[in-house]
Every structure is written in C-alpha cells, then in structure tokens.
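Colleague: I should like to work through this entry with you, feature by feature. Please give the general idea each time and then the case at hand.

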Amino acid sequence: MNSEVKNPVAVITGAGSGVGRASALALLRDGWSVVLSGRRIERLEETRQMAGDDAERTLAVVADVTQPESVTSLFAQVRANFGRLDLLFNNAGSGAPPLPLEDLSLEQWRYVVDLNLTACFLCTQEAFRIMKDQDPRGGRIINNGSISADRPRPNSAPYTATKHALTGLTKSTALDGRKYDIACGQIDIGNAATEMTASMGRGVPQPNGERMPEPTFDVEHVAEAILYMARLPLDANVPFITVMATKMPLFGRG
C-alpha cells in the first residue's frame, strides 16, 4: 500500500459470499474503503450488514464483470465516489458442471472463460486506467488463482484452463504495471471453507475414480493473507502465495 494514501480504496469482485466477503470484511476492519461488486444486490447488502459500523465505508455496486459496459460503469462509480483505487481483488469466478471433457458444451466452456479470465482482464484494464493517473500513483492487483492454477481435478477442464491462464495474466500484469507503480500478485487457495466447498466433507472425486472426503480450513486465513498482501508498500510484492488445508490430497500425486 502506498504510505502516502491515508484512506485507501479497494474493489472486490464476487464480494457477496465466500472469499470475497471475508476479504472485504478484513479490509474494512483495517480501515479501508471497499467497493463490493457482485451480481446480486441482496448478497452485497448482507456483506454490508456484517460490516457493522464499517459499512459506512462501503459502496455496493451490482455488476456483471463479463460485460465490458458493466465493468466500465463499475469503475466509473469507483472514480466518482472515491477518486482513486489502491487495490483490485479479482475474485469472482465459477466452474462448469463436473462433466467428462467431451460432454461439455461450448456455452459451458465460454461461460467459465468469460468469468474466470476475460472478466479479470477487463477489470485489470480499468484499474490500470485509474491507478496510473492518480496521485499518489500506483496500486495493487490480486488475482484469485486457485490450486487449479497449478494442477487439475478430474472433469474440470474449463476451470483449470482459465486458472492456468490467469497465472499468465498475473505475470503480464506485474510486468506491464511496473512503469506505473502497479504491483500484481496471485493467491492460490485450496479448500477454504465456503459455500463452494461445502460438499467436500461428503466426498470429492479423485484421479483414481474414487470419492473421498477432503479437509477444509477457515476462510478467515485467506482474508488474512489478502490483508498481508494489500498492506505491503508498492516497492514490495508477493507474486504468488498458496494457502491450503494442510492435509488436502495435493502433494504426493503424479
């Protein structure tokens, strides 16, 4: 974070649940102003209510980040309401149904590509446009990569492909942002306890065809990692960080 900024501003996509909600609340507790973005206003309002007195430093904006016009409007509201942007957390994402690769429809593939990859590109573009021209200049972008940015689960081609691609976008953003004092890093999360991972205790498909329960961990530890990255001065960066359940079956494969 730029030490010259007294009231830093963050944008979080997918802020109505899970990792996005936990990260928003952590930043608010730390004194940030937070723009909560998502598709459903009722979920964003739930996040605001959970913030208590800190809710006065929030702005809830309904946006479909797969649509360029919606992204442009989102960041126009950031500029109009706060005048600057210090952190973008590209968190919104989704997977396709766990179908065999050959049975996935083109529409299912494109939906995941649009949300997990193209939306991050669109939001990053708009963040650059604000961050490079503001005073003090610069800011930070964090991408939610997932363990799938490194290795796949069975029947996860669209999700895995987009998360691998997001790693490339993270590296390019970090490189292209240098001249504007924009830092970019990626957080790869494995089995944080959210609505998305609620079924893991009942069993998750494994590469050998079996199903087995997998452990999860408190999503607050993800929020703490986001807060650590966000607090760094702009001359320091965490390019990649992995936060995972200690006993999840990640290592030992292959």
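Colleague: Which residue in β2 is the bridge partner of A10?

Modeller: Some conventions come first: the model is predicted, so local features need pLDDT of at least 70 and side-chain atom pairs count only at pLDDT 80 or more, while totals for chains, interfaces and linings use all residues. Residues are numbered from 1 along each chain as its sequence is written, and side-chain values use heavy atoms, with hydrogens and water left out. Helices (H or I, at least four residues) and strands (E, at least two) are DSSP runs, numbered from the N terminus, and two strands pair if DSSP finds at least two bridges between them. In this model, the partner of A10 in β2 is V34. Strands β1 and β2 (residues 33–38) run parallel and are joined by five bridges.

Colleague: With which other strand does β1 pair in the parallel sense?

Modeller: Strand β4 (residues 87–90) pairs with β1 in the parallel sense over three bridges. Here V11 has L88 of β4 as its bridge partner.

Colleague: What is the handedness of the β-α-β unit that β1 and β2 make with helix α1?

Modeller: A crossover is right-handed if, with the strands pointing away from the viewer, the path from the first strand over the helix to the second runs clockwise. The unit of β1, helix α1 (residues 18–29) and β2 is right-handed.

Colleague: Why is β1 said to be largely enclosed by the rest of the structure?

Modeller: Buried means under 20% relative accessible area, exposed over 50%, and partly exposed in between (1.4 Å probe, protein chains only). Five of the five residues of β1 (residues 9–13) are buried, so the strand is largely enclosed. V9, V11 and T13 point one way, A10 and I12 point the other way, and all are buried.

Colleague: How does one check the length of helix α5?

Modeller: The expected span of a helix is 1.5 Å times one less than its number of residues. Helix α5 (residues 157–177) has 21 residues and should span 30 Å; its end C-alpha atoms are 30 Å apart, which agrees. Its buried residues include Y159, L166 and T170. Contact means heavy atoms within 4.5 Å. What covers the buried residues of α5 includes α4 (106–131), β5 (139–144), β6 (182–190) and β11 (240–244).

Colleague: Is Q186 buried or exposed?

Modeller: Q186, in strand β6, is buried, with a relative accessible area of 0%. Leaving aside neighbours within four places in sequence, its contacts include N143, L166, T170, M229 and F240. A polar contact is a pair of N or O atoms within 3.5 Å; within protein, one must be able to donate a hydrogen and the other to accept it, and residues adjacent in sequence count only if both atoms are side-chain atoms. The side chains of Q186 and T170 make such a contact, at 2.7 Å.

Colleague: Where is Q134 placed?

Modeller: Q134 is in the loop between α4 and β5 and is buried, with a relative accessible area of 8%. A polar atom of its side chain lies 2.7 Å from the backbone oxygen of G138. Not counting residues up to four places away in sequence, Q134 touches R84, L85 and D86.

Colleague: How many disulfides does the count give?

Modeller: A disulfide is a pair of cysteine sulfur atoms within 2.5 Å. The count comes to zero. C120 is in no disulfide, and the nearest cysteine sulfur, that of C123, is 6.9 Å away. C120 is buried, with a relative accessible area of 3%, and C123 is buried at 1%.
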